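Please open the model in a viewer and keep the sequence panel at hand.

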Amino acid sequence: MTAPEQGKSADNPWPVRAVATRLAKYIDRLGTVWIEGQLTELKVRQNTAWMVLRDPAADMSLTVSCPRDLVTNAPVPLSEGTQVIMHGRPQFYTRNGSFSLRISEIRAVGLGELLARINRLRQLLDAEGLFDPRLKRPIPFLPDTIGLITGRASAAEHDIVAVATNRWPAVRFALRNTVVQGPSAVPQIVEALRALDADPEVDVIVLARGGGSVEDLLPFSDETLCREIARCTTPVVSAIGHEPDNPLCDLVADLRAATPTDAAKRIVPDTAAEQALVTDLRRRSARALRNWVNREQHTLAQLRSRPVLARPLEAVDARAAEVHRARAAARRDITRMVGAESERIGHLSARLTTLGPAATLARGYAVVQTLPPPGGAAKVLQSVADAPAGARLRIRVADGAVTATSDGSQGDGS
């Protein structure tokens, strides 16, 4: 039976020295590299210097070492927070199993290179829309609690608290003191920003720092911090440096203040100014109301001075006599018309009476009718032929009627 390959099973393991040696050989084949980062630790011994090189955009770091003279003769003074470029070779120390980067050259990152990198990051964030004005959250008119992120006992903290309290004594602060430059600034500021954003009592967050060089203000152009500001739901005010300073967090924040003092003035209203404004508005509104009342009173006085409103019954009185005359004329005309019509009716009645049958009968005339058989209608006798002998007749005279029997007709001369 063939024995298993060494290192592939528990029965045939590799010794530590074999693994360490192989790792050292593999890492040695990587060759030299150029690396850039920010110094977070620096320890100088008798002949060797040990440093920790950190990536500001990520929570990653490497241990590097170099001869003491390389640190002493560096192109810029090396300290925590310095941005450098190093040339070295990765090494694995088989004695204790540690890894390090052995540095052979150190170069400082020039100001032009820093500005170019900031400009590239500016273009990237702008393309993603983090600078869009439509995303800016409105600053509350009168915040109850202001979250303040700044250095401990810094001039920025003193200016903001003093100016804001003087302008509005009732304002409150939620202070978060952090490092504002160097390698640990960004993690501390981000942590404080998240804590204040999660606090429901905080109405606005102010990120403040005094002026400084481009290198000092590098944390406020960090991509991680810019993205964290964009994710906040609470309005963020950036008050970094002075007017010429323009870190990237100024563009991401909801409001950019030229100085910390300017930030206090822009987020906290001035009590005296507001009271003066209220007093002025009350005076102006009272004056406007009085002017309106006076104007309306003048209008009413003009309306009341008009004759139609000063003596409203004058027009009625002027027409009263005319109405009386019209009523008398109408009554007279109606009376005259009624009298004329009554007279005309009397004449017509007299004529009707004269022409009626009763008047004729009264003059001696009679109306002779033939009496019909039972059920028949009486007829006026108009011819002798209508009354043969034996016909029954009804003779109507002025005072009544009599019945007679016809004996027959007679000649005209009888």
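**First stop: an open sheet**

Select β11, β12, β13 and β14; these four strands form an open sheet in the order β12-β11-β13-β14, with antiparallel pairing. Helices (H or I, at least four residues) and strands (E, at least two) are DSSP runs, numbered from the N terminus, and two strands pair if DSSP finds at least two bridges between them. β12 (379-380) and β14 (400-405) stand at the edges with a single partner strand each, so one side of each has no neighbour in the sheet. Next, select β13, residues 392-397, which is joined to β14 by six bridges in the antiparallel sense. Within this pair, R392 has T405 of β14 as its bridge partner. Strands of a sheet pair through backbone hydrogen bonds, either parallel or antiparallel.

The model is predicted: local features need pLDDT of at least 70, side-chain atom pairs count only at pLDDT 80 or more, and totals for chains, interfaces and linings use all residues. Residues are numbered from 1 along each chain as its sequence is written, and side-chain values use heavy atoms, with hydrogens and water left out.

Select β1 and β2, which form a hairpin with three residues between them. Six bridges join the two strands, which run antiparallel; Q38 has R54 in β2 as its bridge partner.

The largest pocket holds about 470 Å³ of space. Of its 21 lining residues, P56, Q83, L218, S221 and D222 are the closest to the centre. The elements that give two or more residues to the lining are β1 (33-44), β2 (48-55) and α3 (111-127). Which of the elements gives the largest share of the lining? That share, five residues, comes from α3.

A pocket is found on a 1 Å grid over the protein atoms alone, as an open set of points where a 1.4 Å probe fits, with protein on both sides within 12 Å along at least five of seven lines; lining residues have an atom within 4 Å of a point. Grid points are joined across faces, edges and corners, and the volume is the space filled by probe spheres set on the points.

Colour domain 1 (16-109) and domain 2 (115-272) separately: both give residues to the lining, so the largest pocket lies between them. These bounds come from an automatic or database domain assignment.

The structure holds zero disulfides (pairs of cysteine sulfur atoms within 2.5 Å). C226 is in no disulfide, and the nearest cysteine sulfur, that of C249, is 6.2 Å away. For C232, the closest cysteine sulfur is in C226, at 12 Å, too far for a bond. Is C226 buried or exposed? C226 is buried, with a relative accessible area of 0%, and C232 is buried at 3%. Buried means under 20% relative accessible area, exposed over 50%, and partly exposed in between (1.4 Å probe, protein chains only).

**Last stop: two loop residues**

Select A153, in the loop between β6 (145-150) and α4 (155-167). A153 has a positive phi of about 55° although it is not a glycine, and is exposed, with a relative accessible area of 73%. Finally, select P77, in the loop between α2 (68-72) and β4 (83-93). P77 is exposed, with a relative accessible area of 73%. From P77 to R304 the separation is 227 residues in sequence and 94 Å in space, C-alpha to C-alpha.
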